[in-house]
Amino acid sequence: MVDTIVVGARVRSLAPETDEAADAVAITAGRITAVGPRAEILPLAGPDTELITHPGATIVPGLVDAHSHPVYSLGIVRGLSLTGVHTYAELVAALEAGRDQQSDQEWFLAWGLDPTAFEGRPIGNAALHEVLGPDRPAYIKMFDAHSGIASASALARAGIDAPVTHADGSGAAGDADGNLTGHLIEFPTMEIVEKVMPALGFDDRVAQLRGLLSDMAAVGITAAHVMDLQDADALDLLAAIEADGELPVRLRISPWVTPETTDAEVAALVAMQGRGGRRYRVEGVKFFIDGTVEGGTAWLSRPDSEGEGLSSAWAPAEAYAERVRHFHREGVPTATHAIGERGIRFVAETLAALPPSGVPHRIEHIESVEDDVIALIGRSGIMASMQPTHCTHHVRADGTDDWSRRLGSERAGRAWRTADVRRSGATLALGSDWPVAAFDPWEIMADAQGRRHLAVPGSEAVGPEQALTAIEALQGYTTHAHRSVASDGGRLVPGAAADLVVVDRDPLGASPEELLGTRVLLTLVDGVPTHRA
């Protein structure tokens, strides 16, 4: 017997065989039974079938955020949000407001700061000291999550007492006189401070994670590709949620592989594949070939404006390639963070040289890339994973943002070439990189089409020739997101898992501005509501 029938104004199944008049979906035991016009679907109902009707609404496949950090974000999204800060004056004002809000806390914490807010000043803790004084431990996680700012007191507690720069560009920055600025670059250095910060309790983390995943379901996300397993208790957190019910979002988890990962740890990662629960599993691994442009750790073909960017996170880079080849032989998919054009080229060439096997391998971010590398990605079957709002929220058309300033006009002109990647024939999955950017998929799809920060009136387009079409944007969250991990999902067809979303407008007929205001009326995972408006 059919358990549920969902009826709207139309179904966007993303399957060409679907009747163009389809406006209803039948679900049985968590699977789609039939898709078609209501005149054909409603007679399938039995006495206990639940009928869900949303006149005027559109039914689409469940959305997949192809790059996210929901568990890891619990340790980042703490304290004051600085995501709306764009100038130094706004930073000082925000810190003053946050000081009062966190007056009962020993540590002052904030997150999400774009370095462009320093307006050309050296990135450092001067604003923290100005507002809070040098004696209060304080820490800001920058928006890219690859850098942070620590007060003098926080540095002292962590035992960081002198500037240091490592071969991969990570370290603790110093000024011209050799004094610490508080700017910490890349994970190994940030972790020194983060280990002495107050920790969150397990039960609090469970509650926060459940709430976060519910918020993701409320905007239509039914699955997320989780690009880390950094928290030692991550799987325990997920198991605790499933002990009380179901995860609101399916999670595909890819643990990190770093230059420090030992052979024994690599073997353990291979053995871990497939481990999980009802709606989460470990699948694949995640690499970093470089860091970020803003931190000076992206692997570039020539130095940036600060004379930085000539190092890979792996020394030698061939060690990365050998690790990738090993996982490929073991049948384990890989995803590699690659930001700078030299890093993207090296990763693409490494993946293109792998013998065919059907194991999917992805490149994450692809911020500035050359023509021949895009062509290589397209013809080699390499999967691409990109985050459009990284561009539209942080890059300015006039080149005054920190990312563009560091790269210069030529390389900044190659920002997030989403359209070129798609038209090369490559699979292009879209996502947020939460908490680097907000996870609202409708804003991301809207910005991908408009190539500007649509939520900010009057914002200028960045690389408008790289705009995606409405169908390309929706495919990035559905069929292409699935294809990027060798799945045939993302379509509403009989036999598929009943992961679907009902929205108040047609994402293939709405303008980018209209798409920005999309309201999700219903989200189903396995045919079970994870959100109802």
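Tutor: Gladly. Let us begin with L310, which sits in the loop between β19 (285-288) and α9 (317-329). Keep in mind that this is a predicted model.

Student: Why is L310 called partly exposed?

Tutor: The relative accessible area of L310 is 48%. Buried means under 20% and exposed means over 50%, with partly exposed in between. Since 48% falls between those limits, L310 is partly exposed.

Student: What is L310 in contact with, leaving aside its neighbours within four places in sequence?

Tutor: L310 is in contact with A298, W299, L300, S301, R302 and P303, once neighbours within four places in sequence are left aside. As for L300, it is 10 residues from L310 in sequence, and the two C-alpha atoms are 5.5 Å apart.

Student: What makes S68 count as buried?

Tutor: S68 has 0% relative accessibility. The cut-off for buried is under 20%, so S68 counts as buried. This residue lies in strand β7. Not counting residues up to four places away in sequence, S68 touches M216, A224, H225, V226, M227, D228, D433 and W434.

Student: And S153, why is that one called buried?

Tutor: S153 has a relative accessible area of 12%. Buried means under 20%, so S153 is buried. It is found in helix α4 (residues 152-158), and it touches P134, D135, R136 and P137, not counting residues up to four places away in sequence.

Student: Back to β7. Why is one side of β7 left without a neighbour in the sheet?

Tutor: The open sheet has four strands in the order β7-β15-β16-β18, with parallel pairing. β7 (63-68) and β18 (280-282) stand at its edges with a single partner strand each, so one side of each has no neighbour in the sheet. The twist from one strand to the next averages 15°.

Student: How do you know that β16 and β18 are paired?

Tutor: Strand β16 (residues 250-253) is joined to β18 by three bridges, and the two run parallel. Pairing requires at least two bridges, so three bridges are enough for β16 and β18 to pair. I253 stands opposite V282 in β18.

Student: What makes β4 and β5 edge strands?

Tutor: Another open sheet has four strands in the order β4-β3-β1-β5, and its pairing is mixed. β4 (31-36) and β5 (45-53) each pair on one side only, and they are the edge strands. On average, neighbouring strands of this sheet are turned by 25° against each other, direction ignored.

Student: What makes β1 and β3 a pair?

Tutor: Four bridges join strand β1 (residues 2-7) to strand β3 (residues 24-28), which run antiparallel. At least two bridges are needed, so β1 and β3 pair. The bridge partner of T4 in β3 is I27.

Student: Why is strand β21 called mostly covered?

Tutor: Five of the five residues in β21 (residues 361-365) are buried. For each of them the relative accessible area is therefore under 20%.

Student: Which strands does β21 pair with?

Tutor: β21 pairs with strand β20 (residues 334-338) in the parallel sense over five bridges, and T336 has I363 as its bridge partner in β21. β21 also pairs with strand β22 (residues 383-386) in the parallel sense, over three bridges. There, R362 stands opposite M383 in β22. The crossover from β21 through helix α11 (residues 371-380) to β22 is a right-handed β-α-β one. β20, helix α10 (residues 341-352) and β21 also make a right-handed β-α-β unit.

Student: Which residues have the most contacts inside the largest nonpolar core?

Tutor: They are Y320, F327 and I363, in a core of 65 residues. Leaving aside neighbours within four places in sequence, Y320 is in contact with F287, I289, W314, T336, F346, V347 and T350. Another core, of 49 residues, lies apart from it and has W107, W111, A154 and F288 among its members.

Student: Finally, where is confidence lowest and where is it highest?

Tutor: It is lowest in strand β12 (residues 164-165), at a mean of 92, and highest in strand β23 (residues 428-430), at 99. The protein averages a pLDDT of 97, and 100% of the residues score at least 70.

Key:
Residues are numbered from 1 along each chain as its sequence is written. This is a predicted model: local features need pLDDT of at least 70, side-chain atom pairs count only at pLDDT 80 or more; totals for chains, interfaces and linings use all residues. Side-chain values use heavy atoms; hydrogens and water are left out. A nonpolar core is a set of buried Ala, Val, Leu, Ile, Met, Phe, Trp, Tyr and Cys residues joined through side-chain atoms within 4.5 Å. Buried means under 20% relative accessible area, exposed over 50%, partly exposed in between (1.4 Å probe, protein chains only). Contact means heavy atoms within 4.5 Å. Axes are lines fitted to C-alpha atoms, for helices over the stretch in contact, and angles run from 0 to 180 degrees between N-to-C directions. pLDDT is the predictor's confidence in each residue, from 0 to 100. A crossover is right-handed if, with the strands pointing away from the viewer, the path from the first strand over the helix to the second runs clockwise.
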